[in-house]
Amino acid sequence: MVLLGVDRMRGLIFRPTRGRWITQMSQLRSHGSTGLFVPPSPPLDHEKIKELQRFISLSKKLLVMTGAGISTESGIPDYRSEKVGLYARTDRRPIQHIDFIRSAPVRQRYWARNFVGWPQFSSHQPNPAHWALSNWEKLGKLHWLVTQNVDALHSKAGNQRLTELHGCMHRVLCLSCGEQTARRVLQDRFQALNPSWSAEAQGVAPDGDVFLTEEQVRSFRVPCCDRCGGPLKPDVVFFGDTVNPDKVDFVHQRVKEADSLLVVGSSLQVYSGYRFILTAREKKLPIAILNIGPTRSDDLACLKLDSRCGELLPLIDPQ
C-alpha cells in the first residue's frame, strides 16, 4: 500500500552537499503537520465516550484493528478521508503490485520517490492514540492488535502483541532470495550510488512516497540485493497483492479468541481488513468503531464514534 500526496506541501528538497543530504521542509513545519491530514469531526460526545468506556470495561479479551486514521494525527496522510485524503486531493493512485514486479522502470521510479520521502516518513512518531493502545497492552486489556498500517508507529509505541497485516516500510525484501534488509541501511546504499543526484518533490503521499517528475527519476540508480543481485521491494503488501495466507489464518485465530473487537481509524474498505469483521460477526462478537466518517461495517457495529483517535482513546480507562 504505497503513496503519499499533498499538493500544497512543496519545498521538500534533496540535494547532496559535502557527502550529506539536506532536507528542507520549511512550509510543512511552519504550518504544522499534526492536523493537516485529519478530516473535520464533531465535538466529543460525552455520552458516546461513556458507551465506549463501558464497551472496553466489559471486554476481557479485546482485539483492536487499526487503520490509516490513527496515523493521520502523526502527520501521515491517508487515502480515503473526505477532503484531506489522497483520493480527494489528487488523481494519483498507489503503485500496483504487478507493475512493480514486472517493470524495472516502475521499480526505479518507486525507489527514487521513496528515497526522497524516507527521512520524513521514518521520522514520524506515535501520537496519543498509539500510546494509549500500548498502555492497554501493558495493563493486560489488549488481547491482540492488528494494524493495516505500514508505518511502524505501533512498534515505536511499544506494542508487542501486534500483527502488521500489510507489512512494514522499515523492512526491505529481495524478490529473488528473500533476504531481509533494514530500510535505513538501504538508504545509505542509495546515497552511495547517487552522489550527485538531486530532486525537489512536488508533494507527499501516504506510505513514504513523494511525487517526482519523470526527468528527475530517469538518472536515479537503484541497488540490487547484496546477497544474490535480485530486485528489492519494501516488505509491504502493494495494491493488487494478497496478504500471506498464514498471517490471515493467524489473525482469524486471534479474532476467534477475542470477546470483542474495536476498529480504530479505518473505513474497512479494503477486504484484507474487512474479512476479520465478518469473522467477528459470525462469532457474534460486539463490535465498536472509532472512525471519522462512514465505514463499510457501520451496520454491524453496536457502537460508532466519529472522533479523533488521539483525543478519545486517552480518555478511556482500560482497567
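The buried residues of helix α11 pack against β3 (62-66), α10 (245-257), β10 (260-264) and β11 (287-290). Here, buried means under 20% relative accessible area, exposed over 50%, and partly exposed in between, with a 1.4 Å probe and protein chains only; helices (H or I, at least four residues) and strands (E, at least two) are DSSP runs numbered from the N terminus. This is a predicted model, in which local features need pLDDT of at least 70 and side-chain atom pairs count only at pLDDT 80 or more, while totals for chains, interfaces and linings use all residues. Residues are numbered from 1 along each chain as its sequence is written, and side-chain values use heavy atoms, without hydrogens and water.

Helix α11 covers residues 271-282 and reaches 16 Å from its first C-alpha to its last, close to the expected 16 Å (1.5 Å times one less than the number of residues). Nine of its twelve residues are buried, among them Tyr-274, Arg-275 and Phe-276.

Turning to the backbone, most residues other than glycine have a negative phi. Just after α11, Lys-284 takes a positive phi of about 60°. In the loop between β10 and α11, Leu-268 also has a positive phi, of about 60°, and is buried at 1% relative accessibility. A further example is Ala-152, with a positive phi of about 65°, in the loop between β4 (142-147) and α7 (153-157). Ala-152 is buried too, with a relative accessible area of 10%.

The unreviewed UniProt entry lists Cys-174, Cys-177, Cys-225 and Cys-228 under "binding site"; UniProt positions follow the numbering used here, feature names are shortened, and annotations may be inferred rather than shown by experiment. The four span 55 residues in sequence, yet no two of their C-alpha atoms are more than 8.6 Å apart, so they gather at one spot.

Two of these cysteines can be visited in turn. Cys-177 sits in the loop between β6 (167-174) and β7 (180-182) and is partly exposed, at 30% relative accessibility. Not counting residues up to four places away in sequence, Cys-177 touches Cys-225, Arg-227 and Cys-228, where contact means heavy atoms within 4.5 Å. Cys-225 belongs to the loop between α9 (214-218) and β9 (232-236) and is buried, with a relative accessible area of 8%. Beyond its neighbours within four places in sequence, Cys-225 is in contact with Cys-174, Cys-177, Glu-179, Gly-230 and Leu-232.
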